[in-house]
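Thank you all for making time this morning. I would like to walk through one model with you, and I will give the cut-offs for each term as we reach it.

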Amino acid sequence: MDSMRRSMIFALALSAAAFSQQVSAHAHLKSQYPAANANVEASPQALTLTFSEDIEPAFSGVEVTNAQQQAMPLSEAERAPKQHNQLIVPLAKPLSSGQYQVNWHVLSVDGHKTKGTYTFSVQ
Ligand SMILES: [Cu+2]
């Protein structure tokens, strides 16, 4: 009885370890420019989002909305040529002062989708 219980706990621990490895393989947002919660002096020319894994640019994108929930005009998002875990999103027009929300979604090269949101503001 005791050894059966031990092997069950062992099996559970193994599957938990396998699961957490899978989760860590997804593309999580590691850093971004402008940084989350930053209050930058002037509008950036582009947003740069760096992920923990390489991403598929055709299935990845960003939406930027202002405080009135209006979408800001963006040029097409591109993957950085030499850094396949980085998405560059040029702003079609400079942002006026105010708070902005960034909603991102990416497909990582392992086929998993992730998404998230953060805010920053322009003085
Ligand atoms: Cu994954």
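Let me begin with accessibility, where buried means under 20% relative accessible area, exposed means over 50%, and partly exposed lies in between, computed with a 1.4 Å probe on protein chains only. Please keep in mind that this is a predicted model, in which local features need pLDDT of at least 70 and side-chain atom pairs count only at pLDDT 80 or more, while totals for chains, interfaces and linings use all residues. Residues are numbered from 1 along each chain as its sequence is written, and side-chain values use heavy atoms, with hydrogens and water left out.

I will start with the metal. The copper ion is coordinated by Asp-110 through OD and by His-112 through ND1, at 1.9 to 2.2 Å; donors here are N, O and S atoms within 2.8 Å of the metal (3.2 Å for Na, K and Ca), and water is not among the atoms, so sites may look incomplete. His-112 is partly exposed, at a relative accessible area of 30%, and Asp-110 also counts as partly exposed, at 35%.

Next come the strands, which are DSSP runs of E of at least two residues, numbered from the N terminus. Two strands pair if DSSP finds at least two bridges between them. Strands β7 (98-107) and β8 (113-122) run antiparallel and are joined by 10 bridges, with His-105 standing opposite Lys-115 in β8. The two strands form a hairpin with 5 residues between them, and Gly-111 in the turn has a positive phi of about 90°. Strand β8 also pairs with β2 (residues 39-40), here in the parallel sense over 2 bridges, and Asn-39 stands opposite Ser-121.

Turning to the open sheet, we find 4 strands in the order β1-β3-β6-β5, with antiparallel pairing. Its edge strands are β1 (29-33) and β5 (78-80), each of which pairs on one side only. Within this sheet, β3 and β6 are joined by 5 bridges, and the bridge partner of Thr-48 in β6 is Ile-88.

Which residues have the most contacts inside the largest nonpolar core? They are Leu-47, Leu-49, Phe-51, Val-62 and Phe-120, in a core of 22 residues, where a nonpolar core is a set of buried Ala, Val, Leu, Ile, Met, Phe, Trp, Tyr and Cys residues joined through side-chain atoms within 4.5 Å. Strands β3, β4, β6, β7 and β8 each supply at least two residues of this core, and β7 gives the most, with 4 residues. As a general point, nonpolar side chains tend to be buried together in soluble globular proteins.

For contacts, meaning heavy atoms within 4.5 Å, I leave aside neighbours up to four places away in sequence. Leu-47 touches, among others, Tyr-33, Pro-34, Val-62 and Phe-120. Asn-85, in strand β6, is buried at 10% relative accessible area, and its contacts include Lys-30, Leu-49 and Phe-51.

Finally, some backbone details. The peptide bond from Tyr-33 to Pro-34 is cis, with omega near -10°, and Pro-34 lies in the loop between β1 and β2. That loop also holds Asn-37, which has a positive phi of about 70° although it is not a glycine, and which is exposed at 67% relative accessibility. Gln-69, found in the loop between β4 and β5, has a positive phi of about 65° and is exposed, at 64%.
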